[in-house]
Amino acid sequence: MSTPPLSVTPQPSDVQSLKSVNFISGSDSTIRRRLFLSRVFAWCCRIATYSALAALVALLASIIVNCLGRLNLSFITSVNSVDPAEAGILAGLWGSFWLISLTTLMSVPLGIGSAVYLEEYAKDTWLTRVIKVNLSNLAGVPSIVYGMLGLTVFVRMFDLFGSSAAKSKAINLLGIVKIPLPLGDIILAGALTMTLVILPIIIIASQEALRAVPSSIRTASLALGATRWQTIRHQVLPAAMPGISTGVILAVSRAIGDTAPLIMIGALTVARFCPAGIDSPVKLLTEPQRILQAPMDQFTAMPIEIFHWAKQPGDDFSPVAASGIVVLLLVLSVFNGFAVWIRYRTSRGLKW
Amino acid sequence: MVTFIETLRSPIERKAMATSPTTVLRVPPAVAGVDRDMDMSQHPAAITARGMNFYYGENQVLFDVNLTVPERSVTALIGPSGCGKSTFLRTLNRMNDLIEGTRCTGEVLIQGQNIMEPAVDVVLLRKHVGMVFQKSTPFPKSIFDNVAYGPRVAGERNRAILADLVESCLQKAALWEEVKDRLGESAMALSGGQQQRLCIARALATNPQILLMDEPASALDPASTSRIEDLIGELCANYTIVIVTHNMQQASRVSHQTAFFFEGNLVEVGPTTQIFTSPSQKKTEDYITGRFG
Ligand SMILES: Nc1ncnc2c1ncn2[C@@H]1O[C@H](COP(=O)(O)OP(=O)(O)O)[C@@H](O)[C@H]1O
Ligand SMILES: [Mg+2]
């Protein structure tokens, strides 16, 4: 077998591969076509973004134009009325306030707790795997289905205590607060139902935030003689907190706007009173004994009132509905601002 | 015969060593504080592993390992990657407990107690047996909070005591001068070498008697590496150190005793000078001369 002669001078074939390229005008037609396609694609993406934005702006503009002349201070300081000039959203505002406060109070500890259990403690068994897979299924279940569940389980309590209309039985907690059995269409029942709606969302967001914490942090903490709980409490949860709080606020924002489950459990469409008669923040301080009664009261919520106004015949109520939407959006942006703030606060303690 | 280690020497060093008695292999000088001729029989055992077998599920990775680590000395674990050095190291503070499906038989005596017993309090054990990892893992907190973490989780709340402790541990880890003016700043902003020394300081803060180091310098640049090696020389006066290293030179510079692992077996263990100059096993010689691994 003969080996090819070794040579340091380039072979003719090597030399030929160097050919002149015109970098300026791209003489090659395939290059021009590729550049053209690339530009077309960029334009498609731009159009997609701007059309979504345009729809949003149009929506906002039409609502704001519609609410002009109706949205004033009296709109948020008075309750609903048959007169469009006098109808206000106060009852819905307070109803939503109590509903969301209770929902948050119940869903956040439950959700973060479940996520911590699933990510940090649970062994990888078929049961935990089934739970993890089904959590995303639960997050996708339409909220009206939860409404039906809430109606059966919380509002009527399977009729175990007689029909809900009777409302004869009640348990007295420490003599301060009377919880009716079955619950009936009270705020507590709504909050329990709403908790079911957003619990999977909170759990999934928290799980993701916990998974993003590098496991080397856990190992290092445990190697320093920290217990599992100390490791979670001092390292894992603080590191995951920005992600968790974002997930929580997004879930809560969703609960503020969700209407279907509330209608399903029988929340009032027209209510001319605020729960437990608390119609101003001052009363929270001056009459604190009412705070515990509010969850046992009947209620309406902002999205329900908006829905009610929007479906009134004629155009009389459309400025009222638009004003309600603006108030709802304002509350939502307050929440989103809160989310940004919490994210900032919790990540400031972390020194990545 | 020019050995692996000799190829790494500078000509001046080679000349200097040519005057030493002829040996199979030449070892580089030890770092200050490590006296390789120290009579280790004078030191009581800090760790005694007897008949240790270790399994990941069905897969056995350690076979009947017997090893004694004398107090206040440095033991280097060497061997090709995957031979079980890290696994062995992790059994010494039960960090393997964290991996599901692992099983260990045999015993490890520390202070006369078999730490493999189920009744052993691993939290106490890990305070007594500190660990430094290959990848430095500072917590996303301030430098101060990193070092104070161990004592804090152990219940120390007194700010003054913590401040003293943080200072003395950073001193011991040769980091104090570099960070004393920015203890409140993020530990993540430190350089790789500083982070690793911070991790050593953090481990010292729980007042351990044994320090386990798993390739503590393998991700560092040469200057930081030599700082860590010097530090090991200083620490071994008061601590018992077990270090895993891929770097044969490093093993010979910092350790009194060297243990060579191969495929889950402890092939040979002995004084570092002896292992690197006249190993009794052919496998050991092949490995340290760079014939494989
Ligand atoms: N978490 C684990 N699960 C299963 N097998 C592992 C695990 N960690 C290490 N092993 C196996 O155990 C053997 C020893 O690994 P290790 O102790 O990390 O070796 P070394 O540190 O000497 O490179 C290797 O074969 C490795 O594949
Ligand atoms: Mg290893």
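At what angle do H6(B) and H8(B) pack, and how far apart are their axes? The angle is about 130°, and the axes are 8 Å apart. This is a predicted model, in which local features need pLDDT of at least 70, side-chain atom pairs count only at pLDDT 80 or more, and totals for chains, interfaces and linings use all residues. Residues are numbered from 1 along each chain as its sequence is written, chains are lettered from A and ligands numbered from 1 in the order in which they are written, and side-chain values use heavy atoms, with hydrogens and water left out.

Some terms come first. Helices (H or I, at least four residues) and strands (E, at least two) are DSSP runs, numbered from the N terminus. Axes are lines fitted to C-alpha atoms, for helices over the stretch in contact, and angles run from 0 to 180 degrees between N-to-C directions. Two packed helices are described by the angle between their axes and the distance between the axes.

Stay with chain B. H6(B) and H8(B) are oblique to each other, because angles under 35 degrees count as roughly parallel, over 145 as roughly antiparallel, 65 to 115 as roughly perpendicular and the rest as oblique. Cys169(B), Leu170(B) and Lys172(B) of H6(B) touch Leu198(B), Ala201(B) and Leu204(B) of H8(B), where contact means heavy atoms within 4.5 Å. By class, this contact has five nonpolar, no polar and one charged residues. Here Ala, Val, Leu, Ile, Met, Phe, Trp, Tyr, Cys and Pro count as nonpolar, Asp, Glu, Lys and Arg as charged, and the others, Gly among them, as polar.

H8(B) has another partner. Helix H5 of chain B (residues 143-153) and H8(B) have axes that come within 6 Å and cross at roughly 35°. Ile143(B), Asn146(B) and Val147(B) of H5(B) meet Leu198(B), Ala201(B) and Arg202(B) of H8(B). Four of these residues are nonpolar, one is polar and one is charged.

On a 1 Å grid over the protein atoms alone, a cavity is a set of points where a 1.4 Å probe fits but cannot get out, and a pocket is an open set with protein on both sides within 12 Å along at least five of seven lines; lining residues have an atom within 4 Å of a point. Grid points are joined across faces, edges and corners, and a volume is the space filled by probe spheres set on the points. The count comes to one cavity of 30 Å³ or more. The largest cavity has a volume of about 60 Å³. Its lining draws on both chains, including Ala220(A), Leu224(A), Met131(B) and Arg202(B). H8(B) gives the largest share, four residues. The lining divides into eight nonpolar, two polar and two charged residues.

Cross to chain A. The axes of H8(A) and H9(A) come within 10 Å and cross at roughly 130°. These two helices are therefore oblique to each other, and their crossing is right-handed. Ile217(A), Arg218(A), Ser221(A) and Leu222(A) in H8(A) meet Arg228(A), Thr231(A), Gln235(A) and Val236(A) in H9(A). That contact has three nonpolar, three polar and two charged residues.

The largest pocket holds about 690 Å³ of space. It is lined by 25 residues; Glu120(A), Arg218(A), Leu222(A), Arg228(A) and Leu98(B) are the closest to its centre. H8(A) gives the most to this lining, with four residues. By class, the lining has 11 nonpolar, four polar and 10 charged residues.

The second largest pocket has a volume of about 330 Å³. Of its 16 lining residues, Leu93(A), Ser96(A), Phe97(A), Val331(A) and Phe335(A) are the closest to its centre. H4(A) supplies the largest share, eight residues. The lining has 13 nonpolar, three polar and no charged residues.

Two backbone details remain. Most residues other than glycine have a negative phi, and most peptide bonds are trans. A cis peptide bond joins Leu181(A) and Pro182(A), with omega about -10°. Pro182(A) lies in the loop between strand S2 (177-181) and H7 of chain A. In chain B, Ala174(B) has a positive phi, near 55°. Ala174(B) sits in the loop between helix H6 (159-172) and helix H7 (176-179).

Conventions
Left-handed = near helix turned anticlockwise from the far one by under 90°.
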